[in-house]
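Here are my notes for you, in numbered points. Keep the structure open while you read and find each residue as it comes up.

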Amino acid sequence: KGRVALVTGASVGIGAAVARALVQHGMRVVGCARSVDKIEKLAAECQSAGYSGTLIPYKCDLSNEEDILSMFSAIKTLHQGVDVCINNAGLAHSEPLLSGKTESWRNMIDVNVLALSICTREAYKSMKERNVDDGHIININSMGGHRVVPSADEHFYCATKYAVTALTEGLRQELREAKTHIRATSISPGIVETEFAFRHHDSDPEKAAAVYESIKCLKAEDIASAVTYVLSAPPHVQIGDVQMRPVEQVS
Ligand code: NJP
């Protein structure tokens with residue numbers, strides 16, 4: 001309650017659901033994305049719902065490091081710093097290794113891996129300079145970060161999520177070596193019904209719809225519940241990874 005959380009990719013989907021849940025729990029949430037108008041709308045909804053926290057929209061293109069650094073500097077000026085960092089923003093292009101475009105791969109690396117790493121480093125810096133010892137960094141990973149998926153379209157995306165698995169565990173180790181009690185967690189969903197597939201499966205709406213129609217998918221709110229569960233764990237409990245699939249999902 002009252003703590004400052006940064007949620008990346010808060011305009012839609014999982015990030016919007018997480019931002020809403022944290023505001024409901026009384027946190028001051030800085031929600032960032034490129035479509036800041038959507039976050040402004042969400043902030044107004046949270047306010048009319050009478051939630052005890054606040055949502056502060058921030059326009060940021062996470063593929064641009066200068067944008068990220070300006071955001072952290074604005075957070076420092078306006079809200080002292082970050083206590084909780086939820087690295088949620090991510091994207092997938094359907095670009096197989098044998099025929100994919102370098103630009104699409106670079107875009108996935110920039111947002112899924114580099115932005116997450118830059119935000120992690122800056123959030124840690126912010127916690128350290130204010131002696132915040134109970135901070136938390138949560139990465140929204142994927143089941144694709146734990147096993148090779150059967151679809152060639154997903155291989156590069158999965159590689160970026162394998163990186164998230166490695167980075168979260170590496171972060172946990174570095175935090176212990178730094179003798180802080182700041183915690184690191186990754187939450188790895190299977191299929192979640194958001195705009196994700198529609199936005200990134202090369203705009204093939206039929207293929208995207210088929211993904212969501214094949215089974216009863218997780219909802220963005222299910223992931224938000226996992227985030228609030230992880231944040232409410234007692235201070236001595238370090239949850240490393242939460243894996244959650246729809247019951248009907250096989251792979
Ligand atoms: O995705 P979507 P989800 N700069 O497409 C933002 C993982 N996941 O909520 O800038 C700043 O609805 C974008 O904002 P905007 C997945 O890998 C999902 O489903 O306005 N922000 C939007 O807010 C990802 O890490 C599924 O376009 C940028 C958000 O990211 C996380 O869950 C399964 C940006 C994406 O919203 C959230 O995904 C799974 C940029 N350059 C893992 N680029 C699933 N849905 O099935 C994107 O295993 N964003």
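1. With which side chain does the side chain of H79 make a polar contact? The partner is the side chain of R28, at 3.4 Å. A polar contact here is a pair of N or O atoms within 3.5 Å; within protein, one must be able to donate a hydrogen and the other to accept it, and residues adjacent in sequence count only if both atoms are side-chain atoms. H79 sits in helix 3, residues 65-79, and is buried with a relative accessible area of 12%. (Buried means under 20% relative accessible area, exposed over 50%, and partly exposed in between, with a 1.4 Å probe and protein chains only.)

2. A word on what you're looking at. This is a predicted model, where local features need pLDDT of at least 70, side-chain atom pairs count only at pLDDT 80 or more, and totals for chains, interfaces and linings use all residues. Residues are numbered from 1 along each chain as its sequence is written, and side-chain values use heavy atoms, leaving out hydrogens and water. Helices (H or I, at least four residues) and strands (E, at least two) are DSSP runs, numbered from the N terminus.

3. Now look at strand 2, residues 28-33. Because 5 of its 6 residues are buried, strand 2 is largely enclosed by the rest of the structure. Strand 1 (residues 4-8) runs parallel to strand 2, joined by 5 bridges; two strands pair if DSSP finds at least two bridges between them. Across this pair, A5 stands opposite V29.

4. Strand 6 (residues 183-189) also has a parallel partner: strand 7, over 4 bridges. There I187 stands opposite V242. In a regular strand the side chains alternate between the two faces of the sheet.

5. (The expected span is 1.5 Å times one less than the number of residues.) Buried residues in helix 5 include F156, Y157, V164 and L175. Just after the helix, K179 takes a positive phi of about 60 degrees.

6. On to the ligand. There are 33 residues around it, and S35, S142, Y157, P189 and T194 come nearest; a residue is near if one of its heavy atoms lies within 4 Å. By class, this shell has 16 nonpolar, 12 polar and 5 charged residues. (Ala, Val, Leu, Ile, Met, Phe, Trp, Tyr, Cys and Pro count as nonpolar, Asp, Glu, Lys and Arg as charged, and the others, Gly among them, as polar.)

7. A polar atom of the T194 side chain lies 3.0 Å from the backbone nitrogen of F196. A polar side-chain atom of T194 also lies 2.6 Å from an oxygen atom of the ligand. The protein covers 97% of the 890 Å² of accessible area that the ligand has on its own (Shrake-Rupley method, 1.4 Å probe; for residues, only the protein chains shown count as cover).
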